[in-house]
Amino acid sequence: MKLFYTPNSPYARIARVAIIELNLCHRIETQKVIARDPNSDLLNYNPTGKVPTLATDDGFILSETRIICVYLNHLNPEIKLVADISNGFLQQLEGMTGGFIDGIAVWVRELRRPLSEQSLGVIEFERSRALRILDYFEKISDKLDQTSKLAHITLASALGLEIRLPDLQWRQKYPKLANWYDEFFKLPSIQATRPES
């Protein structure tokens, strides 16, 4: 089994953390690729070129982070990484963190475009959305624990994008969330998957 990733993809980071937390490092090879490379080996597996991509031993190609994490959790069901119907709060949190990281990723991509091509409307929409969601996370921060659940991993990966998005500046306004993040950041799996500078 092989997971294709780029070191700075927050989505690939989630899958890489999941592999570590599910004790699957011995079963899954990881291969670093370059995104948007027309000669990438990844394209032989996944024509979308998206990371993460998981090539399973069964010959399937999985290419969405949550789908990959569900599959990985199936390989080690004794650890409950992905929320199921028995935990409505974690399901809700997975949805919120998924929307949060998607919006932040759009914001980052928009700022990478040449200044003359950037959409101020898109940037403002994603900034406003991020702040609304951060308000929500701050309010429920007492319900966030340090367990390695998909929702927590996704939230940490999104908050970690602060290094690429200086405009976010969330720490001072959301001190409880910052405390949660700083503690969660100490997990060996989070440390091992830090983006390259």
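The structure described here is a predicted model, and a search through the whole of it finds six aromatic pairs. One of these pairs brings together Phe 100 and Phe 137, whose ring centres are 5.5 Å apart and whose planes stand at 75 degrees, so the pair is edge-to-face. Phe 100 belongs to helix 3 (residues 88–112) and Phe 137 to helix 4 (residues 120–139), so this pair ties together parts that are 37 residues apart in sequence.

The rings of Tyr 136 and Phe 137 also have their centres 5.5 Å apart, but here the planes stand at 55 degrees, so the pair is tilted. A pair of aromatic rings is described by the distance of the centres and the angle of the planes. Phe 100, Tyr 136 and Phe 137 form one aromatic cluster. Phe 137 is buried, with a relative accessible area of 0%, and Phe 100, at 1% relative accessibility, counts as buried too.

## The sheet and the helices across it

How many strands does the open sheet have, and in what order do they stand? There are four strands in the order 2-1-3-4, and their pairing is mixed. Strand 2 (29–32) and strand 4 (61–62) stand at the edges with a single partner strand each, so one side of each is left without a neighbour in the sheet. Strand 1 (residues 2–5) runs parallel to strand 2 and is joined to it by four bridges, and within this pairing Leu 3 stands opposite Thr 30 in strand 2. Strands of a sheet pair through backbone hydrogen bonds, either parallel or antiparallel.

Two helices lie across parts of this sheet. Helix 1 (residues 10–21) lies across strand 1 and strand 2, and it runs at about 145 degrees to strand 1. Helix 2 (residues 65–75) lies across strand 1, strand 3 (53–55) and strand 4, and its direction makes an angle of about 40 degrees with strand 3.

## Where helix 1 meets helix 3

Helix 1 also has a contact with helix 3, and the axes of the two helices come within 11 Å and cross at roughly 140 degrees. That angle makes helix 1 oblique to helix 3. On the side of helix 1 the contact involves Pro 10, Tyr 11 and Ile 14, which meet Ile 101, Asp 102, Ala 105 and Arg 109 in helix 3. Sorted by class, the contact of helix 1 with helix 3 has five nonpolar, no polar and two charged residues.

## The covered helix 5

Helix 5 (residues 150–159) is mostly covered, with ten of its ten residues buried. Among the buried residues of helix 5 are Leu 150, His 152, Thr 154, Ser 157 and Leu 159. Which helices do the buried residues of helix 5 pack against? They pack against helix 1, helix 2, helix 3, helix 4, helix 6 (175–184) and helix 7 (188–192).

When its neighbours within four places in sequence are left aside, Asp 135 is in contact with Lys 173 and Tyr 174. The C-alpha atoms of Asp 135 and Leu 177 are separated by 9.5 Å, although these two residues are 42 residues apart along the chain.

## Backbone details in the loops

Most residues other than glycine have a negative phi, and most peptide bonds are trans. Against that background, a few loop residues deserve a note. The peptide bond from Val 51 to Pro 52 is cis, with omega near 0 degrees, and Pro 52 is found in the loop between strand 2 and strand 3.

Arg 36 is found in the loop between strand 2 and strand 3, and its phi is near 60 degrees, a positive value in a residue other than glycine. Arg 36 counts as exposed, at 72% relative accessibility. Asn 23, in the loop between helix 1 and strand 2, likewise has a positive phi, near 55 degrees.

Note on methods
Residues are numbered from 1 along each chain as its sequence is written. This is a predicted model: local features need pLDDT of at least 70, side-chain atom pairs count only at pLDDT 80 or more; totals for chains, interfaces and linings use all residues. Side-chain values use heavy atoms; hydrogens and water are left out. Two strands pair if DSSP finds at least two bridges between them. Contact means heavy atoms within 4.5 Å. Axes are lines fitted to C-alpha atoms, for helices over the stretch in contact, and angles run from 0 to 180 degrees between N-to-C directions. Rings of Phe, Tyr and Trp (its six-membered ring) pair if their centres lie within 6.5 Å; planes under 30 degrees apart count as stacked, over 60 as edge-to-face and the rest as tilted. Buried means under 20% relative accessible area, exposed over 50%, partly exposed in between (1.4 Å probe, protein chains only). Angles under 35 degrees count as roughly parallel, over 145 as roughly antiparallel, 65 to 115 as roughly perpendicular and the rest as oblique. Ala, Val, Leu, Ile, Met, Phe, Trp, Tyr, Cys and Pro count as nonpolar, Asp, Glu, Lys and Arg as charged, and the others, Gly among them, as polar.
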